[in-house]
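Subject: Structure handover, salt bridges

Hello,

Here is the structure for your files. Please read the notes below alongside it.

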Amino acid sequence: MDTSVAHPARRYNYWLGGKDHFAADRESGDLLAEAFPTARVAALENRDFLRRGVRFLAESGVRQFLDVGTGLPVPDNTHEIAQRMAPESRVLYVDNDPIVMTHSRALTIGTPQGRTGYVEADLREPEVILAHPELRAVLDLREPVALLLVAVLHFIHDDKQALAVVSRLLDSLPSGSYLVASNLTLDYAPPAQVAMHEELLASGKTDARARDKSEFGRFFDGLELVEPGIVAVSDWRPDREERPTAQDVAIYGAVGRKP
Ligand SMILES: C[S@@+](CC[C@H](N)C(=O)[O-])C[C@H]1O[C@@H](n2cnc3c(N)ncnc32)[C@H](O)[C@@H]1O
């Protein structure tokens, strides 16, 4: 594990106010927050979208979750939200950061009625994820599964590769399964911020590729979009009146159901 290089999980943890980060992660987090002053707000809103998405799915009867790009543990992890509503819920976490693996114990203590598991794997290798014995032990792929790809698709820059990964995973899930996804967007950003983002991306100082609404929407091709469709994560079935603007949040989120 190279702690001298910033990694998305630890930088995101820094923005969320966690304690699992190193100097390189804080430097990278501060640099990006200088260019995008609402980066921390965006991280919090994204996490809240994940919470509301999982609650919605649990209310809709979904009992299995495949959460790829898990991130470091937070007070309300996917299995805690789902199992609070339905203790029999089963959750498999997947992340490629070894530091998330070292914290996986906190992610795998769940209810006795349910089951949770953790696999260290890369989203770019869906075959490895699908063939993993832990996946088969935790999830029954004959029953609906919610695939969570929240704030992780933007780390796969190539559209063709990202789309292929999503459709490979969804192809292995039955009808009634769901996709919950979010992705950085610059659709609401002023031109100066777009230029700044491009500069940071070209110099390797940021690793997230923004997608516009139609690029993001392609991940949901063939799925039935749940209301309100593709919106800023803060506007997806919000549970409070006062919220940051779509420009401040700059992350699209959506939920789709496989017919
Ligand atoms: C910004 S965090 C999002 C965490 C969580 N999904 C959320 O939205 O709160 C992104 C996570 O994706 C993980 N990640 C990035 N690229 C990945 C890849 N190719 N395969 C698996 N995980 C990846 C990072 O390690 C990090 O934990």
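What follows is a short account of the salt bridges. Please keep in mind that the model is predicted.

A search of the whole structure finds 20 salt bridges.

Arg 40 and Asp 30 form a salt bridge through their side chains, at 3.3 Å from N to O. Arg 40 belongs to helix H3 (residues 39–59) and Asp 30 to helix H2 (residues 23–35), so this pair ties together parts that are 10 residues apart in sequence. Both partners are partly exposed: the relative accessible area is 32% for Arg 40 and 35% for Asp 30.

Asp 76 and Arg 51 also meet in a salt bridge, with an N to O distance of 3.9 Å. Because Asp 76 sits in the loop between strand E1 (64–68) and helix H4 (78–85) while Arg 51 is in helix H3, the pair links parts 25 residues apart in sequence. Asp 76 is buried, at 17% relative accessible area, whereas Arg 51 is partly exposed at 21%.

In the salt bridge between Asp 159 and Arg 211, the closest N and O atoms are 2.8 Å apart. Asp 159 lies in helix H9 (residues 159–171) and Arg 211 in the loop between helix H10 (191–202) and helix H11 (213–217), so the parts tied together are 52 residues apart in sequence. Arg 211 is buried, with a relative accessible area of 1%.

Finally, the network: salt bridges link Glu 45, Asp 48, Arg 51, Arg 52, Asp 76, Arg 84 and Arg 240.

Regards

Notes
Residues numbered from 1 in each chain as written. Predicted model: local features only at pLDDT ≥ 70, side-chain atom pairs only at ≥ 80, totals over all residues. Heavy atoms only, no water. Salt bridge = Lys/Arg side-chain N within 4 Å of Asp/Glu carboxyl O. Helix = DSSP H or I, 4+ residues; strand = E, 2+ residues; numbered from the N terminus. Buried < 20%, exposed > 50% of the residue type's maximum accessible area, 1.4 Å probe, protein only.
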